[in-house]
Amino acid sequence: MVKFSKLLEAQLIPEWKDAFVNYWLLKKNVKKIKLSRNSKLLEIQKEHEYGFSILDPIRCIVKKLSNRFDSGGKNSEILQVKNSNRGGGDDEDVYQTELVQLFSEEDEVKEFFMKLDEELNKVNQFYKTREREFVERGEILNKQLQILLDLKKILNDRRQRDIQSKLDSGTLERSNSSGRCSDCSESAGELDETSSEGPSPDEVMVAIERNRVNFIGATTRTKTKKGKPKMAMRIDKTAATLTSSISSITSMLWEDLITNPKKESLGVVGDLINEKKIQSAEKMIRGAFVELYKGLGLLKTYSSLNMLAFTKILKKFDKVANQQASDNYLKVVKRSHFISSDKVVRLTDEVESIFTKYFASNDRKKAMKFLRPQLQKDSHMVTFFTGIFTGGFVTLFGVYAILAHLSGIFSDGGYMETIYPVFSMFALLSLHMFMYGSNLFMWKNTRINYNFIFEFSPTTALKYRDAFLICTSLMTAVVGAMVIHLLLRSTSFSSTQVDAIPGVLFLFFIGLLICPFNIFYRSTRYYFIRVIRNIISSPFCKVIMVDFFMADQLTSQIPLLRHMESTACYLLAGSFETHRYEICHSSKLYRELAYVISFAPYYWRAMQCARRWFDEGDVNHLANLGKYVSAMVAAGARLTFGMQPTLLWKVIVIATSSIATIYQLYWDFVKDWGFLNPKSKNPWLRDELILKNKSIYYVSIVINLVLRLAWVETVMHFSLGSLVEYRLLDFSLASLEIIRRGHWNFYRLENEHLNNVGKFRAIKKVPLPFRETDSDD
């Protein structure tokens, strides 16, 4: 049976960790009480060790009966919990325990109840703050929804009016062609009546002003201090990606600088409302309701976990104290705000009702799929196919090794320069997928809530079995293609056709990645593409945890990106047809692109740090940006040294790489992992650890240190006997960097789970479309 402390650690919300009951501290206080009582018992035993009376057993029985009678009949006098309300409001509730008898002389008990009161007050205050925020957010969303409904009604009425106008115009034209002039005036009168049925501009402004907002550029009924009309409402769009950011900026500039100055009060309504903006606003409001519902669910989880923690710790105290003191205190806990308040429950029901009515066409089942997505069930078929592909991969790899040895293929320079990079690219990708699957397995077993931290959808998130299936199927396909390639080379097939196999394999996997059909984890593939899009568009989109985590993975995949460059050149330059393998490496453009590819991951990551500094104002992000700039400089120096191996560039490489490595190691150990804390109760680690064996952390520090020094090979230039040995060394170093990154991933997420080092919010603050912009200008 799993201990409650482990369950609490696994289920608590990382971003709210400090606001939860400090169950572990209270447990220590209970242990202190137990040790204190045991020591007193030993003292009593020492007093009686020189003598024993036949009346001692009788006295013991009488004392126990007396304690039971006192605990049963005078339980209310053991402790009293008072609520000192300072200002008469709920926010001023402060609970304080008074020990009336029995425990009044024990310092350890006093300390325990003092800490318990502090924890109860802390939980109450945090709950009230979050509850107030969610209630205010709900009121804002209701206002936004009402604006949206008014605008949709206006748009619908205008559309119907336009249709009726066209129909009436057609009737008028037919009447004129038949010479019925008298009917023309009647029809015109009917047209006027029809037009008047829709809302007039004044009615539109009244409908919008009911919500205390107005269109930007529209003259309102209220004015600023300088007597100018207030400019109050804009239909904003989310700026989550590069495209949406540019579109939003362009739209605002067009409306503010070109459109609005030319518009009058009554003419602005029809031009600013359009179906595209309404749809965008509806999507934003729907997302905000989903996030609000998620937040309310987390707050209910917060309440229930804390209640359970109070119950467990008080039961432990009763067991140690041999009393029933918990009943009185639990009654107070149940009456406290975080348990007794029903605002969250009522708001949750209201959100469900609103979402069902306005965003799910009164289909509650459909609404719940958005609001409360279900977890994926484990599939035995995934495990079965993973085993099949693993067996196939091992068998095919053995066949390939034998064929390669017999054919002497590795002595062929053309094979190592062109075919080998294509296959090694897939091998490195598979290795990274394997490490990710291992990370998922470890995170699950250690109860690290990675789905919550990465904001993955529970219905589509990959599990470790899925990651292993993708890895093994990919490698089975690649090794199978390598075997086919070797077999065909030994037959009468033309070398041009045979050498096209790696290119075909590359294009096949690109096609599979963007395949629109719902096969082979489509949601995951598309999510991956969106994350890569967000990384490339840095710093024009807001950075979330999964974006910079994936960007960090790319900094370890520079060899893979270089292999992709070789593969692209292999295909575009037609090396498989001409067998002129030196074309790519001798090209000036190819060498220049090598710099771009080596810089790009560090540049993207640096731009993410710049965006986070701009959004949050934390100078630590600028310091992190400096780390990636130093890595970029070191990577450029190593590339140049590879092309110009002079003494000057060797010195520059050693200097820049050493600075970058020290910078990276410091950030790894101190910032990302939270280690090297001299004041920690775990020497040079951190106070809170998930793994029980501390030696694993020290070994991991050494491993990360050694693998960070792999760049030394570029300076030492180990003497190698052949091209195959040189290529295999490069592949081995690239593989070690991927293994180092997978190793880094576990401790980075462990630290995030325990301490929220990224300072992310538990709930995303979704931007709303109707923004108030009142000013006195």
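Analyst: Lys152 and Glu282 form a salt bridge in which the closest N and O atoms are 3.6 Å apart, the term standing for a side-chain nitrogen of Lys or Arg within 4 Å of a carboxyl oxygen of Asp or Glu. Because Lys152 belongs to helix H4 (residues 107-177) and Glu282 to helix H9 (residues 275-321), the pair ties together parts that are 130 residues apart in sequence; helices are DSSP runs of H or I with at least four residues, numbered from the N terminus. Lys152 is partly exposed at a relative accessible area of 33%, and Glu282 is also partly exposed, at 22%. Here buried means under 20% relative accessible area, exposed over 50%, and partly exposed in between, with a 1.4 Å probe and protein chains only.

This is a predicted model, in which local features need pLDDT of at least 70 and side-chain atom pairs count only at pLDDT 80 or more, while totals for chains, interfaces and linings use all residues. Residues are numbered from 1 along each chain as its sequence is written, and side-chain values use heavy atoms, with hydrogens and water left out.

A search of the whole structure finds 19 salt bridges. One of them joins Glu352 to Arg372, with the closest N and O atoms 2.9 Å apart. Glu352 sits in helix H12 (residues 343-359) and Arg372 in the loop between helix H13 (364-371) and helix H14 (380-407), so this pair ties together parts that are 20 residues apart in sequence. Glu352 counts as buried at 7% relative accessibility, whereas Arg372 is partly exposed at 43%.

In a further pair, the side chains of Arg740 and Asp668 meet at 3.9 Å, N to O. This pair links distant parts of the chain, since Arg740 is in helix H30 (residues 723-755) and Asp668 in helix H27 (residues 647-672), 72 residues apart.

The buried residues of H28 include Arg708, along with Tyr697, Ser700, Ile701, Asn704 and Leu707. They cover an arc of only 140 degrees around the axis, which puts them on the same side of H28, the arc being that of the directions from the helix axis to the C-beta atoms. An α-helix has 3.6 residues a turn, so residues three or four places apart point the same way.

As for confidence, the protein chain has a mean pLDDT of 78, and 74% of its residues reach 70 or more; pLDDT is the predictor's confidence in each residue, from 0 to 100. Confidence is highest in H28, at a mean of 95, and lowest in helix H5 (residues 181-197), at 42. Over residues 181-199 the pLDDT is below 50, and beyond near neighbours in sequence this stretch has 15 contacts in the model, a contact being heavy atoms within 4.5 Å.

Terms used:
Helices (H or I, at least four residues) and strands (E, at least two) are DSSP runs, numbered from the N terminus.
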